[in-house]
Amino acid sequence: MILSLIESIIALGRLVFGAFSALGRVVIFIITTLSHIFRPPFYPREFASAVMNVGYLSLPVVGITSIFTGAALALQIYSGGSRFNAPEVVPQIVAIGMVRELGPVLVGLMIAARVTSSITAELATMKVTEQIDALITLSTVPLKYLVLPRVLAGFLVGPILVGVADSVGILGGFLVATQTLGFNSATYILDTINFLTSADIISSLAKGAAFGFIATLMGCYYGLNSGRGAQGVGTATKSSVQAAAVLILAANFLLTAVFFTA
Amino acid sequence: MITFDNIHKSFGANNVLCGVDLIVDRGQSMVIIGGSGTGKSVLIKTVLGLVTPDNGKIFVNKQDMIHAKRDNFLSKFGMLFQGGALFDSMPVWQNVAFRLQRGHLKLPKTKAREIAIEKLRRVGLAPDVADRLPAELSGGMQKRVSLARAIAADPEIIFFDEPTTGLDPIMARVINDLIRKIVVEMGATAITITHDMASVATIADKVAMLHDGVIKWCGTLDDMAHSGNSHVDQFIHGRAEGPIKTLR
Ligand SMILES: Nc1ncnc2c1ncn2[C@@H]1O[C@H](COP(=O)(O)OP(=O)(O)O)[C@@H](O)[C@H]1O
Ligand SMILES: [Mg+2]
């Protein structure tokens, strides 16, 4: 009885210790990567291809998910609002819901699925096939050549993707509201514009930057720390997407608390 | 000169290197032989910092390799990896010219490409291979591209990890001769890992045998035939019976 209690305390201790040392490793990883920002050589071509991959190629999936979400949101708010005789709040709530919450979260989760997984699989495969080792012997620092361009691209492109998601989501709500719920288009647009504040928009874009950073960072971290063989690549990919999704949702809560509880 | 001083390395309970001592003189071609899984690749990776030894010291030209910055060393270094380790996202010529396209050694694109094609020719590959992707090549061709990449910037120190494994005997001969030529012509210091006794005969000035985590024997190529060492004899004659276990 006492023995098993001690055992579980030890297990708990190990868990906590493990979590902290993992955090420490990630922090060191971030600091070392960022320390390369202003030190040459620079790799503009790697950066451009990362922007393409993280940003441009994510546009379709981000657009499609947010238009459906905005549309569904409009329907929900209309029926929910009707319960206390306020169905006319659709434009305002769709706008605030998309911009403050759903736009950034959708983008975060979509790039965790799309970008984090592909970065991890790519870097882990490079690690397993000794391509990372080869890079080092060719006087190239993997953190500078592989990680920095991707993380930077995530950080800079995240807000743009969120901007797209917010707009397309609002458009989805607008289409449903004007086509099926009988809202007037001009009033809908005015209601949306007048309601949103710059704080709403800034918080939305800031979340985009944070989520883009987290998604690409987790992709790189798990990729470069992959175990050996095909199984190592599989495990790394699974863990990275999981970690990115959880961290993005946690960061979403924290950032929301920071922005809107003052 | 490369000096390994009492190198130890374990992976968990797997004690791979248990006190390796070895000296490779400048301009010398050292060949390391030993069964598969004895830690030959791990040993040369310790020099590059790709594997950190648990214990022991490594010096290259008197410079401590474990704590010092390796930038200087790496700029004069080339390595052929056991699996080729080509960058599969870029065409063959960009792999070969990798070093010549960025950093201090950066050359104009056409010049870098020219050198890449010249190095490809030296390893027996036609210019039309230059624009293909590594995945489109056979294993043996990948190996040769990797060799071309290793010698692209005319390194002073070169490591070859199983350069002829997976090649047909004719190509193996070409590569062995090429490695010998690189060492003689460029005066490079080379460490080659191989199981191929033809490679040993062509490439080696000195031979070292790694077994049970230590260098069991080290001597010149001429001494190897009458080393009087049962491990070496078993290995070079490929006998199943002897001190080296066949179950590992
Ligand atoms: N990164 C690593 N993690 C765990 N074990 C490793 C690692 N690298 C090598 N090993 C183990 O070390 C031993 C020697 O490997 P290696 O040096 O590749 O052998 P070889 O002599 O055939 O080149 C093997 O048992 C291998 O499994
Ligand atoms: Mg090996």
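1. Chain A is divided into domain 1 (1-35) and domain 2 (42-260), bounds that come from an automatic or database domain assignment. The model is predicted: local features need pLDDT of at least 70, side-chain atom pairs count only at pLDDT 80 or more, and totals for chains, interfaces and linings use all residues. Residues are numbered from 1 along each chain as its sequence is written, chains are lettered from A and ligands numbered from 1 in the order in which they are written, and side-chain values use heavy atoms, without hydrogens or water.

2. In chain A, the C-alpha centres of domain 1 and domain 2 are 29 Å apart. Contact (heavy atoms within 4.5 Å) involves eight residues of domain 1 of chain A and nine of domain 2 of chain A.

3. Between these two domains of chain A about 770 Å² is buried, with 86% from carbon and sulfur atoms; this is the accessible area (1.4 Å probe) lost on putting the two parts together, summed over both. On the domain 1 side, A:Val26, A:Phe29 and A:Thr33 lose the most area to domain 2 of chain A, together 67% of what that side buries.

4. B:Ser41 is buried, at 19% relative accessibility, whereas B:Gln82 is partly exposed, at 34%. Buried means under 20% relative accessible area, exposed over 50%, and partly exposed in between (1.4 Å probe, protein chains only).
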